[in-house]
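I opened a new notebook page for a structure I had not looked at before.

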Amino acid sequence: MPARGKWLWTIAFVILAPRIVLAQASITGTVKDPTGAVLPGVTVEAASDALIERVRTVTTDSTGQYRIVDLRPGSYVVTFALAGFNTYKREGIELTGSFTATVNAEMKVGSIEESVTVTGESPIIDTQSVKRQTVLGNDIVTALPAARAYAGVMTLIPA
């Protein structure tokens with residue numbers, strides 16, 4: 001190959017190499033409910049074998065939009081999840097070059113689950129003895145129409 005041809009290939013590589021490196025795809029879209037209202041706070045996961053980390057996760061903003069950037073070319077599965085809604089999954093999204101795939105989702109209301117935990121304690125009961133003790137205060141003893149001596153008060157207590 002002539003020297004001039006080598007220089008042309010070198011120049012072409014230097015000019016095109018940054019574009020090849022920066023050619024990263026992305027997935028973007030909006031998440032709504034069946035009424036058309038946007039859903040903020042939805043967890044959006046893009047999963048692919050092309051990714052080193054296998055899954056890239058973002059959350060929708062206050063306008064229900066999301067953007068997953070710097071994705072490698074390959075086949076992706078996008079999953080949308082939010083409490084109170086059914087999980088929505090899109091499979092077979094092919095990304096090549098610097099392609100931006102628009103994947104919008106409509107999430108349907110799922111079953112709303114609520115759990116209630118009731119805790120309580122039983123009253124403390126003495127199961128070893130059947131006797132009952134009561135303390136009579138001085139004001140009760142003075143209000144009795146009987147003798148105020150111990151013997152007189154004991155006759156008023158049921159046996």
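The entries below follow that order.

**Entry 1: the model.** I noted before anything else that this is a predicted model.

**Entry 2: aromatic pairs.** I looked for aromatic pairs and found two in the structure. One is formed by Y66 and F80, whose centres are 5.7 Å apart with 75 degrees between the planes. I wrote this pair down as edge-to-face, because planes over 60 degrees apart count as such. I then checked where the two residues sit: Y66 is in strand β4 (residues 65–71), while F80 is in strand β5 (residues 74–81). The pair therefore ties together parts that are 14 residues apart in sequence.

The other pair I noted joins F80 and Y88. Its ring centres are 5.7 Å apart and its planes stand at 45 degrees, so I recorded it as tilted. Through these ring pairs, Y66, F80 and Y88 are linked into a cluster.

Entry 3: For F80 the relative accessibility is 0%. Y88 is partly exposed, with a relative accessible area of 27%.

**Entry 4: salt bridges.** How many salt bridges does a search of the whole structure find? I got two.

In one of them the side chains of D49 and R54 meet, at 4.0 Å from N to O. I looked up both partners: D49 is exposed, with a relative accessible area of 68%, and R54 is partly exposed at 44%.

The other salt bridge is between R56 and E53, with the closest N and O atoms 2.5 Å apart. Here R56 is partly exposed at 22% relative accessibility, and E53 is partly exposed at 42%.

**Entry 5: the nonpolar core.** I noted the background to this search: in soluble globular proteins, nonpolar side chains tend to be buried together. The largest nonpolar core here has 21 residues. Those with the most contacts inside it are I27, V31, Y66, Y76, F80 and L95.

**Entry 6: around L95.** Leaving out residues up to four places away in sequence, L95 touches A25, S26, I27, L71, R72, P73, G74, Y76 and A101.

Methods. Residues numbered from 1 in each chain as written. Predicted model: local features only at pLDDT ≥ 70, side-chain atom pairs only at ≥ 80, totals over all residues. Heavy atoms only, no water. Phe/Tyr/Trp six-rings, centres within 6.5 Å; stacked < 30°, edge-to-face > 60°. Helix = DSSP H or I, 4+ residues; strand = E, 2+ residues; numbered from the N terminus. Buried < 20%, exposed > 50% of the residue type's maximum accessible area, 1.4 Å probe, protein only. Core = buried A, V, L, I, M, F, W, Y, C linked by side-chain atoms within 4.5 Å. Contact = heavy atoms within 4.5 Å.
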